[in-house]
Amino acid sequence: MERLVAVSARHALSAERKSRAATPRGARTRSAWCTRAVIALASLGSAAPALACPRCAAGVAARGEVLQQGFTFNLLSALAPFLLVCAVCLWFERRERP
Amino acid sequence: MMSTSTSRRGPLISAGILLGTGLGGFIDGILLHQILQWHNMLSGVRPPTDLVAMKYNMVWDGLFHAFTWIMVVLGLWRLWAAGNRPEVPWSARTFWGSLALGFGLFNFVEGLIDHQLLGLHHVHPGENQLAWDLGFLASGVVLMLVGWAFIRKGTRDVRPRGGLRLEHHPLYR
């Protein structure tokens, strides 16, 4: 589909260039709405995979793996340094209390 | 003026440690995980060799950044609380020392648990990964020592925030 849109956009651009060349110098040219639409569609086509990525299959699979493969252990491992630092802070807070 | 013995620096040190941990964690996450891409949170367990594995690590990097963000918020909360207490000396040396202590403490603890004990990731995986890991631990120790030295020097600072206790200020009498 993306390839089709890209090819259509290339054809549309080349047709527009030819029509511009045929237009007398100084005359105001205006691209047809369909040309502009195809160009816009082509640019959307190339951007679509990036835009859809948060919902793409790889993202879904990765988030599924995160939750299924030792999530609690990994979470506790990631949290452990922060919790230890918090314990040190608590000690400092209480140490100099009157 | 308050005497050093009665000064209560604990809340300021605690705030500095929390902020130092959070900001240090952001340096790790932004510089080593994202810009240099040396490692990810679980790259030792699930090496990012394909798109799913990269995204898997991306989720864990996100959680790591969420924890560092929470530490910064907690640090701001404690700093605000410390600022509201007239008995807490507003010492720049204590605060900056605590920031360094927090940064170093986090590097040391994180290096010990995640790199050495659990092998969740290594600083720079490859031939010299142990040297990199030890260097990371050493950076933590150096930062802690520097921080502690600053905190020790800060014992001489006894001025509260703004340099004047509110109850002594003419507007609040």
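Predicted model: local features only at pLDDT ≥ 70, side-chain atom pairs only at ≥ 80, totals over all residues.
Local features need pLDDT of at least 70, side-chain atom pairs count only at pLDDT 80 or more, and totals for chains, interfaces and linings use all residues. Residues are numbered from 1 along each chain as its sequence is written, chains are lettered from A in the order in which they are written, and side-chain values use heavy atoms, with hydrogens and water left out.

**View 1. Chain B has four helices and zero strands.**
Along the sequence the pattern reads α-α-α-α. Helices (H or I, at least four residues) and strands (E, at least two) are DSSP runs, numbered from the N terminus. Of 173 residues, 48% are buried; buried means under 20% relative accessible area, exposed over 50%, and partly exposed in between (1.4 Å probe, protein chains only).

**View 2. S14(B) sits in helix α1 of chain B.**
The helix covers residues 10-35. S14(B) is buried, with a relative accessible area of 1%. Its side chain makes a polar contact with the side chain of E93(A) at 3.0 Å. A polar contact is a pair of N or O atoms within 3.5 Å; within protein, one must be able to donate a hydrogen and the other to accept it, and residues adjacent in sequence count only if both atoms are side-chain atoms. Leaving aside neighbours within four places in sequence, S14(B) is in contact (heavy atoms within 4.5 Å) with C89(A), F92(A), E93(A) and R78(B).

**View 3. Q37(B) lies in the loop between α1 and α2 of chain B.**
Helix α2 spans 51-83. Phi of Q37(B) is near 55°, a positive value in a residue other than glycine. Q37(B) counts as exposed, at 60% relative accessibility.

**View 4. Chain B and chain A bury about 2800 Å² between them.**
Buried area is the accessible area (1.4 Å probe) that two parts lose on being put together, summed over both. Carbon and sulfur atoms carry 77% of it. In chain B, Y56(B), W60(B) and F67(B) lose the most area to chain A, together 21% of what that side buries. The contact takes 36 residues from chain B and 30 residues from chain A.

**View 5. E65(A) and R46(B) meet in a salt bridge.**
The side chains come to 2.7 Å, N to O. A salt bridge is a side-chain nitrogen of Lys or Arg within 4 Å of a carboxyl oxygen of Asp or Glu.
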